[in-house]
Amino acid sequence: MTRKITANLYMTLDGRGAFPKYPGSDLPTGDPDEPDEFFRSMWTSRYDDVTTVIMGRRSFVGHRDVHSEKNRKPKDPKFMFEYSRFLDRVDKVCLSHRLKNLGWENSRLMKGDLATIINKLKREKGGNIIAEGGPRLIQEFIRRDLADDYWFLVMPVIYGQGPQYWRSLTQQRTLKLLSSSAMPYGELVLHYSSVRK
Ligand SMILES: NC(=O)c1ccc[n+]([C@@H]2O[C@H](COP(=O)([O-])OP(=O)(O)OC[C@H]3O[C@@H](n4cnc5c(N)ncnc54)[C@H](OP(=O)(O)O)[C@@H]3O)[C@@H](O)[C@H]2O)c1
């Protein structure tokens with residue numbers, strides 16, 4: 001079985017890779033111990049067949065410092081602990097030239113040409129692979145057409161600051177919409193596949 005490569009994009013309406021505050025952005029909806037529709041769409045319902053998560057250095061360090069189980073706060077909801085346990089046990093690939101100590105179990109360093117790295121990972125045994133940011137890494141997936149599908153989380157904010165997803169792209173990329181859903185606080189979750197001839 002070929003390992004599917006999925007890229008996740010988190011952006012504002014103006015294509016910024018940032019997590020601004022907006023009405024509903026930090027309010028739990030419904031049962032605080034159960035993931036809401038928003039969290040399920042982007043994370044918990046998609047991760048069962050994923051065994052590798054790739055992150056650029058900044059994204060890796062950010063996730064490690066916030067989402068590893070040892071860094072969870074006791075008041076965090078139960079589903080965030082479950083998400084942390086998933087991240088702790090999954091095979092994590094951190095892309096970096098400068099980081100030496102990763103400080104997170106089940107992590108390894110890779111560096112160099114991204115297409116070569118992806119081909120190497122595809123030849124390894126395992127389930128599907130998710131590229132979980134940051135924006136700079138995901139831009140390279142798009143520029144070089146390295147992902148099979150893309151999940152966009154679009155926040156209802158025109159932010160005007162933060163890293164830009166699209167600025168460095170100079171060539172057309174056409175995607176095929178597979179699903180779209182609007183979340184209770186106005187976020188859009190869009191799933192596209194790559195279109196290859
Ligand atoms: N999911 C997310 O993480 C996410 C989503 C939205 C916004 N953001 C925000 O975006 C910012 C992160 O910025 P970013 O896009 O620059 O982060 P990033 O993609 O996580 O990290 C970029 C770094 O990854 C390393 N890298 C990437 N490709 C490599 C390769 N082929 N070989 C070796 N190293 C490679 C390089 O690190 P070295 O310098 O060590 O070589 C590069 O400087 C943060 O402020 C964060 O809050 C993050």
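Two strands are said to pair if DSSP finds at least two bridges between them. Helices (H or I, at least four residues) and strands (E, at least two) are DSSP runs, numbered from the N terminus. Residues are numbered from 1 along each chain as its sequence is written. Please keep in mind that this is a predicted model, in which local features need pLDDT of at least 70 and side-chain atom pairs count only at pLDDT 80 or more, while totals for chains, interfaces and linings use all residues.

## The sheet

The eight strands of an open sheet follow the order S4-S3-S2-S5-S1-S6-S8-S7, and their pairing is mixed. Strand S4 (107-110) and strand S7 (175-182) are at the edges; each has a single partner strand, so one side of each lacks a neighbour in the sheet. From one strand to the next, the twist averages 20° (axes are lines fitted to C-alpha atoms, for helices over the stretch in contact, and angles run from 0 to 180 degrees between N-to-C directions).

| Strands | Sense | Bridges | Residue pair |
|---|---|---|---|
| S2 and S3 | parallel | five | Thr52 and Asp91 |
| S2 and S5 | parallel | four | Val50 and Asn128 |
| S1 and S5 | parallel | three | Thr6 and Ile130 |
| S1 and S6 | parallel | seven | Leu9 and Phe152 |
| S6 and S8 | antiparallel | six | Phe152 and Leu190 |

Phe152 links two rows of the table: it is the bridge partner of Leu9, and its own bridge partner in S8 is Leu190. Strand S8 covers residues 188-194 and pairs with S6 in the antiparallel sense.

## The nonpolar core

What is packed around these strands? A nonpolar core is a set of buried Ala, Val, Leu, Ile, Met, Phe, Trp, Tyr and Cys residues joined through C-beta atoms within 7 Å. Buried here means that 20 or more other C-beta atoms lie within 10 Å of a residue's own, exposed means 12 or fewer, and partly exposed is in between, with C-beta atoms placed from the backbone. In soluble globular proteins, nonpolar side chains tend to be buried together.

The largest nonpolar core has 25 residues, and Ala7, Leu9, Ile54, Ala131, Ile138 and Phe141 touch the most other members. At least two residues of this core come from each of strand S1 (5-12), strand S2 (50-56), strand S3 (91-95), strand S5 (128-131), helix H5 (135-143) and strand S6 (149-155). With five residues, S1 gives the most.

Which residues does Ile138 contact, leaving aside its neighbours within four places in sequence? They are Ala7, Leu9, Ala131 and Gly133, where contact means that the C-beta atoms, placed from the backbone, lie within 7 Å.

## Around the ligand

The ligand is surrounded by 24 residues, of which Gly56, Ser59, Gly133, Gly134 and Arg136 are the closest; a residue is near a molecule if its C-beta atom, placed from the backbone, lies within 6 Å of it. S2, helix H2 (57-67) and H5 each give two or more residues to this shell, and the largest share, four residues, comes from H2. By type, the shell divides into nine nonpolar, nine polar and six charged residues. In this count Ala, Val, Leu, Ile, Met, Phe, Trp, Tyr, Cys and Pro are nonpolar, Asp, Glu, Lys and Arg are charged, and the others, Gly among them, are polar.

## Backbone details worth a look

Most residues other than glycine have a negative phi, and most peptide bonds are trans. Gly133 and Gly134, however, are joined by a cis peptide bond, with omega about 0°. Gly134 sits in the loop between S5 and H5.

Asn106, in the loop between S3 and S4, has a positive phi near 55° without being a glycine. Asn106 counts as partly exposed because it has 13 C-beta neighbours inside 10 Å. Asp145, in the loop between H5 and S6, also is not a glycine and has a positive phi of about 55°. Asp145 has 13 other C-beta atoms within 10 Å, so it is partly exposed.

Finally, Thr2 lies in the segment before S1. Thr2 counts as exposed because it has 7 C-beta neighbours inside 10 Å. The C-alpha atoms of Thr2 and Asn128 are 8.2 Å apart, although the two residues are 126 residues apart along the chain.

How values were computed: Two residues are in contact if their C-beta atoms, placed from the backbone, lie within 7 Å.
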